[in-house]
Amino acid sequence: MIGLTFIGSGSKGNSALLELGESCFLLDVGFACRRITDFLAERNIDGSDLNGVFITHEHDDHVKGLRVLLNKYPQLPVYATNGTISGIKCKGVEIKNPIAINPGKNISVNGCDCVAFNVPHDANQPVGFRFSHNGDVMSVATDLGRVTPEVLEHSKGSDILCLESNYDSEMLRFCSYPSWLKDRIKGPNGHLPNEGVRGVLSKMDKPPAGLVLMHLSQESNTPDLARRSLVPFLENSKSDFRNTKIVVASQDFASERIFINQNP
């Protein structure tokens, strides 16, 4: 079984509860530790029950609560690339149990397979993740300026696909951001626009059971625009995406739980 519930996702913070078989992990820790532990407590999970933390990259909206979390649970394994671990340590966060992962190389974590893959973003060594358990597959790709062959390769065959849908091009053009920030966001190492999601879906081997649109900008996107951007593809697709459950992760509240259990 693979399951995912976003505690929240957006430009101000990102974190999710990741379920792999019988194990529970956090995927990024971009909120205050209190918000995360309160969310876990509502689901009868104590921080000491966690089996580890996966970190995509060291930007604040993905590691904001990591220092306090590791102060409370210092032996918690932190899975990240060497570049990300270095970036986190440069922020003064002590990681007592770092587990370095190399993009493209599979590691086994509590009976599940995990492969990190490179994504184009302006961080030290940012990655997406592909998790597999008993034939069920989930891929997560956030904070990427463009869709690369590597991203496509690791998205194919996913039962659950979590993909950045950061901005609407017209909203970004007219929003209050300064020009330098707009250029960074739409640059090749920035963020993925709504229309970029269609490019990934069109290359998939099969329709995913669940699609999560994540990391929406509060200044240059809306959940409605993110959903509507998929309509032309969904209506004209030769593949049958009618049964794909589409969830838009929110910055301010937890998403519904998405899970797949094809091979119990």
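Okay, let's start with a contact: the His62 side chain makes a polar contact with the side chain of Asp28, at 2.8 Å. By polar contact I mean a pair of N or O atoms within 3.5 Å, where, within protein, one must be able to donate a hydrogen and the other to accept it, and residues adjacent in sequence count only if both atoms are side-chain atoms.

Some housekeeping. This is a predicted model, so local features need pLDDT of at least 70 and side-chain atom pairs count only at pLDDT 80 or more, while totals for chains, interfaces and linings use all residues. Residues are numbered from 1 along each chain as its sequence is written, and side-chain values use heavy atoms, with hydrogens and water left out.

Back to His62. Its side chain also makes a polar contact with the side chain of Asp143, at 3.1 Å. You'll find His62 in helix α2, residues 60-63. Helices here are DSSP runs of H or I with at least four residues, strands are runs of E with at least two, and both are numbered from the N terminus. Is His62 buried or exposed? His62 counts as buried because its relative accessibility is 0%. The cut-offs are under 20% relative accessible area for buried, over 50% for exposed, and partly exposed in between, with a 1.4 Å probe and protein chains only. Leaving aside neighbours within four places in sequence, the contacts of His62 include Asn14, Gly30, Thr142 and His215; contact means heavy atoms within 4.5 Å.

That last one, His215, deserves a stop. His215 sits in the loop between β12 and α9 (223-228), and it is buried, with a relative accessible area of 1%. Its phi is positive, about 55°, although His215 is not a glycine. Asn44 is in the loop between α1 (33-42) and β4 (53-54), and it is exposed, with a relative accessible area of 71%.

Next, the sheet. In what order do the strands of the open sheet of 7 run? The order is β7-β8-β9-β10-β11-β12-β13, and the pairing is mixed. Two strands pair if DSSP finds at least two bridges between them. At the edges are β7 (106-109) and β13 (245-248), each pairing on one side only. Neighbouring strands are turned by 20° against each other on average, direction ignored. For angles, axes are lines fitted to C-alpha atoms, for helices over the stretch in contact, and values run from 0 to 180 degrees between N-to-C directions.

Let's zoom in on β10, residues 136-141. This strand is largely enclosed by the rest of the structure, because 6 of its 6 residues are buried. On one flank, β9 (residues 127-133) pairs with β10 in the antiparallel sense over 5 bridges, with Phe129 opposite Val140. These two strands form a hairpin with 2 residues between them, and Asn134 in the turn has a positive phi of about 50°.

Moving on, β11 (residues 160-164) runs parallel to β12 (residues 210-214), joined by 5 bridges, and Leu163 stands opposite Leu213. Helix α8 (residues 194-201) packs on the sheet, touching β11 and β12, and its direction makes about 145° with that of β11.

Last topic: the cores. A nonpolar core is a set of buried Ala, Val, Leu, Ile, Met, Phe, Trp, Tyr and Cys residues joined through side-chain atoms within 4.5 Å. The largest one has 28 residues, and Leu18, Phe129 and Met138 are among those with the most contacts inside it. Apart from that core lies another, of 26 residues, including Leu26 and Val78.
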